[in-house]
Amino acid sequence: AGKFYQHAPTESSQATLASVSPVFAVMKFDKEGNTTYFEKKKTELYQELGLQARDLRFQHVMSIATRNNRIIMRMEFLKAVITPEFLLILDYRNLSLEHWLLNELASQLAGEGQLVTYSLPFEFRAIEAILQYWISKLQGRLNTLQPQILETLEALVDPKLLSVDRSKLHILLQNGKSLSELETDVKVFKETILEILDEEEVIEELCLSKWTDPQVFEESTSGIDHAEEMELLLENYYRQAEDLLNEARELRVLIDDSESIIFINLDSHRNVMMRLNLQLTMGTFSVSLFGLIGVAFGMNLESSLEEDPRIFWLVTGIMFLGSGLIWRRLLSFLGRHLDPPLPPHVPAALKKSQPAAGRVDIKTNLKGETFGLSRSTLTNQ
């Protein structure tokens, strides 16, 4: 009786855990491209595949691993298990993913697509099809972002604009965030492939048919071992990811340069407005200064000057003439102190005495210094 009561809770807990085990919606592809659908619990699935429970724990990460002559591929929402005989896609109920599975993957595995690994074992075709889908998805995201970013930058980088459209800036901010996410995904994809390329044993383990049918892995007609062909396949998609990342970086640099141009244009227009405001302030000061004469004559003081009709025009002329002279004087003072200074004069004898290489170095340094000071000079102006 004691033994019975000790084992009863264990059996009950096991039954409870089995009942709450997640159920996978599985799509199965064989070598001929035939497709079958079924649902199976996680406990039953990993037991049939000879795997462990943690092997089917698919987080939204990217990895390619081998276990018990099985290839487990995690491409964020794409979850696949590859064997020498078939390919399993788990939790395939996704609109974009289901479209690819039904219209492209089956024909590619059957030899009707554009894969280059038809003469190789089944796992080569499955790996290439999944990598091709993922790199094309990343390329599609970049192709969608690139025209939107270029159109927004073209609308913003305009020297005639006195202000910046906030709606365009909001669109640029969203596109920049999407571009950053794309760069992160491409880097993770690259690092995942690079980790495999750095380990020769992992590349050997990816060749599943080597362990089930060694005769299949004799040297091919080109004299290259199939393990080397697996390495070449991974390097091909690594280069494609590198090119994609370079395009994304160039787009990022273009956004940064355009932001600098936008800031320079805004600084230039702001400086023009500040200069105009300063000129109007000086004009107001000049008129107010000589307006004191009119204030003095308007104090109802008795004198002999107000009896002469020519005094009004004389005083008015003196006021306008004096205000104009003072304003002109202030403008000339402002121009002398705000205009950029001229470059220092280099004597002709010094130019002739310098060697050619030295002149080239000095010219290069001056260009670099001028480029570095261009934005500060514009801001001061």
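Tutor: Buried means under 20% relative accessible area, exposed over 50%, and partly exposed in between, with a 1.4 Å probe and protein chains only. At 14% relative accessibility, Lys79 is therefore buried. This is a predicted model, in which local features need pLDDT of at least 70, side-chain atom pairs count only at pLDDT 80 or more, and totals for chains, interfaces and linings use all residues. Residues are numbered from 1 along each chain as its sequence is written, and side-chain values use heavy atoms, without hydrogens and water.

A salt bridge is a side-chain nitrogen of Lys or Arg within 4 Å of a carboxyl oxygen of Asp or Glu; the count comes to 5 salt bridges. One of them joins Lys31 to Glu85, with the closest N and O atoms 3.5 Å apart. This pair links distant parts of the chain, 54 residues apart. Lys31 is partly exposed at 32%, as is Glu85 at 47%. Asp185 forms a salt bridge with Arg141 at 2.8 Å, and that pair connects helix α5 with helix α4, 44 residues apart. Asp185 is buried at 15%, whereas Arg141 is partly exposed at 29%. Glu48 and Lys40 also meet in a salt bridge, at 2.7 Å from N to O; Glu48 is exposed at 52%, but Lys40 is buried at 17%.

On the surface, a patch of negative charge includes Glu191, Glu195 and Asp198. Such patches are made of residues with over 30% relative accessible area and no salt bridge, like charges being joined within 9 Å. Glu195 is exposed, with a relative accessible area of 56%.

How values were computed
Patches are made of residues with over 30% relative accessible area and no salt bridge: like charges are joined within 9 Å, nonpolar side chains (Val, Leu, Ile, Met, Phe, Trp, Tyr) within 5 Å. Accessible areas come from the Shrake-Rupley method with a 1.4 Å probe; for residues, only the protein chains shown count as cover. Lys and Arg count as positive and Asp and Glu as negative; His and the chain ends are not counted. The place of a charge is taken as NZ of Lys, CZ of Arg, CG of Asp or CD of Glu. Helices (H or I, at least four residues) and strands (E, at least two) are DSSP runs, numbered from the N terminus.
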